[in-house]
Amino acid sequence: MSLLLDTHVVMWWLDDDPTLADDIKDRLDQDPNVYVSSATAWEVSIKQALGKLGPPDLPEKIRDSGFRHLGITADHGIAAGRLPMHHRDPFDRILIAQAQIEGLTLVIRDAHIQKYDVSILTV
């Protein structure tokens, strides 16, 4: 099963945060089929511009994390826009669409995501 990481999951992994269980950390460390979306770097950059996140090189740390990169395509954008409005966060919506289209399991904590037809691994 290939995984797509939510922004919080990537940040917890980078910080070795205890919020992320050791078995999940181990899996992320060992599995070559773990993806991070371009939307994650975009979301972090925007939140930094608003003064909500640090350190200043966090987007680069995410980019250089060693996970596989998943770019955003027009199909991802169309699918995200057509999702039911269970959840309004545009970054989560693009991750849901990417996971659906690419056949990925979304690694996330947000309970609202369970309302969508998407494979999830809850952390």
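This is a predicted model: local features need pLDDT of at least 70, side-chain atom pairs count only at pLDDT 80 or more; totals for chains, interfaces and linings use all residues.
Local features require pLDDT of at least 70 and side-chain atom pairs pLDDT 80 or more, whereas totals for chains, interfaces and linings use all residues. Residues are numbered from 1 along each chain as its sequence is written, and side-chain values use heavy atoms, without hydrogens and water.

**Helix H2.** Helices are DSSP runs (H or I, at least four residues) and strands are E runs of at least two, numbered from the N terminus. In H2 (residues 22-30), Ile 24, Lys 25 and Leu 28 are buried (under 20% relative accessible area; exposed is over 50%, partly exposed in between; 1.4 Å probe, protein chains only). These residues lie on the same side of H2 because their arc around the axis is only 100°, taken from the directions from the helix axis to the C-beta atoms. Asp 22, Asp 23 and Gln 30 are exposed on the face turned away from that side.

**Nonpolar cores.** A core joins buried Ala, Val, Leu, Ile, Met, Phe, Trp, Tyr and Cys residues through side-chain atoms within 4.5 Å. The largest has 17 residues, of which Leu 5, Val 9, Leu 20, Leu 28 and Val 123 touch the most other members. H1 supplies its largest share, 4 residues. A second, separate core of 13 residues includes Leu 4, Tyr 35, Leu 104 and Ile 108.

**Aromatic pair.** Ring centres of Phe, Tyr and Trp (its six-membered ring) must lie within 6.5 Å; planes under 30 degrees apart are stacked, over 60 edge-to-face, the rest tilted. Trp 42 and Phe 91 are edge-to-face, with centres 5.1 Å apart and 80° between planes.

| Residue | Relative accessible area | Class |
|---|---|---|
| Trp 42 | 48% | partly exposed |
| Phe 91 | 12% | buried |
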